[in-house]
Amino acid sequence: MSGTQTGRGAAPPAVELRGITKRFPGVVANHDIDIEVAAGTVHAIVGENGAGKSTLMKTLYGMHRPDEGTIAVNGARVDLNSPAAAIGHGIGMVHQHFMLADNLTVLENVVLGAEREHGIGAAARKRIRALSEQYGLGVDPDRLMEELGVGDRQRVEILKVLYRGANIVILDEPTAVLVPQEVEELFGNLRELKREGLTVIFISHKLDEVLGVADTITVIRRGTTVDTVAPADVTARELATLMVGGELPVPELSESTVTDEVMLRVEGLRVESADGRAAVDDLSLSIRRGEIVGIAGVEGNGQSELIEAIMGMRPAARGSLTLGGVDITAWETRRIREAGVGYVPEDRHRHGILLESPLWENRVLGHQTRRPSANGVWIDAAAAKADTRRIVDAYDVRTPGVDVLADALSGGNQQKLIVGREMSGEPRVLVAAHPTRGVDVGAQAAIWEHLRRARAQGLAVLLVSADLDELIGMSDSLHVILRGRLVAEADPATVTPERLGSAMTGAGLDEGTGEGTVESVEEGTGEGADQSDQPDRSDQPDRSDRPDPAAPDTPGTPDTGTQRPDDEDPA
Ligand SMILES: Nc1ncnc2c1ncn2[C@@H]1O[C@H](COP(=O)(O)OP(=O)(O)OP(=O)(O)O)[C@@H](O)[C@H]1O
């Protein structure tokens, strides 16, 4: 137990949670939680999916009333009965799903709902500029939100809470949507907040990142605090063990299963955005039976449009799509699904799940014309329920039953349900966007194992992910997408997350050659450049040890090839 002691005469903890218990019908989400967060520190909360992290943070942000327990802020007991009350006590929260209006400017987004602070004009602009400068956020108040990338949007969300006077900032899985460079920038921002005396509390499933940026880590298991540790005293593997209360299973390694039979072919595809610009431009790729093809890219470079075009949710302005040799370019989504294409959507709340419906109805969603969900034209509720129970079992979805509403599941458990559903009915092709986003390390390894097994039986997978270790570890071949085009092909056997990340931003990996475009991300071609642009590679493994999702302590434990964020100054 280190990092939480406040010595005699020291400032009181910024936050002190004592004996917090929160019950939902049939579930004790938090049970007798004790946490002290020292002022001016970065405090991470880790735990399995459904462990109770979000519930606890929502309680601290006044969105839930605890059934038992007390909360003190800066040494004084408080009653946080609403987010407004939390903000009144200097507590702000950055949610995982950004709440920003695209057609407004940064300034308008920041002041929306806080007009009373500094109005909506010059004073507000001045305040935003001052905050942005003080905390090194680099946000221009007059930029239009739609022009900003994911990292900047997140900084606007942080600015929003600072603008409202927060000195305790809660972030819910802030790095889930970020690529490595953006993670570094975020961590730079968090360190800056800390230097300015603010307190940061964040939830994360990425244990290497937690070890890199947190001063103190609290582990929650099955609703209660099991330990509070300092990063210097634990490894990522030990943290994972604390989270699950035992050793993680070791999944089997599998050989390549790629065949010659092309299952999905995309040829010369162009997809246009509403204003006629090419979101996907002249893109060609093919996925063979038993192959996982990975797409790496900074969010917003055409990945979503590519996937939506394949799934019949957007028209192809040019080019063609074929499934097992059959032209499906003009097919609608339902027909594509019925032809054996599974789909794990990027935004599970918009496309993947109906929060107000029970789990078994969610099992039927998108599968309403097929067994076991349907019998002829009728929905077969009994069969759908039985199959939902099978998914709950196979994918370890933590739920009291299949009749509860999807809304009652933790985010990671909703994701496991979607992946389980989409893997049902033996799809021929799976189009998966961020299949393990928000799931804990144990569940992630389990999902990878399911995918590997299905691949061995011939499943062809298009894998889009922001998790570069996942892409490298799972893919048989790997493309980089930039501004709607495939600009590079990487060999998953040799490429590192750093080199891949750099290719994603359009920076040539072969700096040594002075070439402007990236065509190959093979490690061999740029060895010299590679070493010179990575300050400290001493913790890098042999190539043969490349991040392998089959290993229980991957991705991203310090000894698997992902650099510890502290090893390097943020860009
Ligand atoms: N509104 C709700 N109604 C009923 N049960 C809920 C509700 N919110 C959360 N739960 C349950 O409380 C438990 C804790 O959920 P919580 O979302 O806090 O977990 P988490 O640790 O944040 O998980 P994840 O890592 O998957 O986001 C889970 O069993 C969940 O199903």
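How many nonpolar, polar and charged residues does the shell around the ligand have? The points below take up this question and then the rest of the chain.

1. The model is a predicted one, and by class the shell around the ligand holds 6 nonpolar, 11 polar and 2 charged residues. In total, 19 residues surround the ligand, and the closest of them are Phe24, Ala29, Ser54, Ser410 and Gly412.

2. The domain assignment divides the chain into domain 1 (15-244), domain 2, which is made of 248-340 + 427-534, and domain 3 (346-426). Between the C-alpha centres of domain 1 and domain 3 there is a separation of 31 Å, and their contact takes 6 residues from domain 1 and 7 residues from domain 3. On the side of domain 1 that touches domain 3, the residues divide into 2 nonpolar and 4 polar, with no charged residue.

3. Strand β6 (residues 91-94) is buried on both faces, with Ile91 and Met93 pointing one way and Gly92 and Val94 the other way. This strand runs parallel to β7 (residues 168-172), to which 4 bridges join it, and within that pairing valine 94 of β6 has leucine 171 of β7 as its bridge partner.

4. Isoleucine 170, once its neighbours within four places in sequence are left aside, is in contact with Met57, Leu60, Tyr61, Ile91, Gly92, Met93, Val94 and Ile201. The largest nonpolar core has 145 residues, and Ile170 is listed with Val169, Leu462 and Leu463 as those having the most contacts inside it. Helix α16 (residues 441-456) supplies the largest share of this core, namely 8 residues. As general background, nonpolar side chains tend to be buried together in soluble globular proteins.

5. Glutamate 173, which is not a glycine, has a positive phi of about 45° and sits in the loop between β7 and α7 (180-195); it counts as buried because 20 C-beta neighbours lie inside 10 Å. Aspartate 396, also a residue other than glycine, has a positive phi near 55° and is placed in the loop between α14 (381-394) and α15; with 18 C-beta neighbours inside 10 Å, this aspartate counts as partly exposed.

6. Is alanine 123 buried or exposed? With 12 other C-beta atoms within 10 Å, alanine 123 is exposed, and its place is in helix α5 (residues 122-134). The C-alpha atom of this alanine 123 is separated by 51 Å from that of glycine 342, the two residues being 219 residues apart along the chain.

Methods: Residues numbered from 1 in each chain as written. Predicted model: local features only at pLDDT ≥ 70, side-chain atom pairs only at ≥ 80, totals over all residues. Near = placed C-beta within 6 Å. Nonpolar A, V, L, I, M, F, W, Y, C, P; charged D, E, K, R; others polar. Helix = DSSP H or I, 4+ residues; strand = E, 2+ residues; numbered from the N terminus. Pairing = 2+ DSSP bridges. Domains from an automatic or database assignment. Contact = placed C-beta atoms within 7 Å. Core = buried A, V, L, I, M, F, W, Y, C linked by C-beta atoms within 7 Å.
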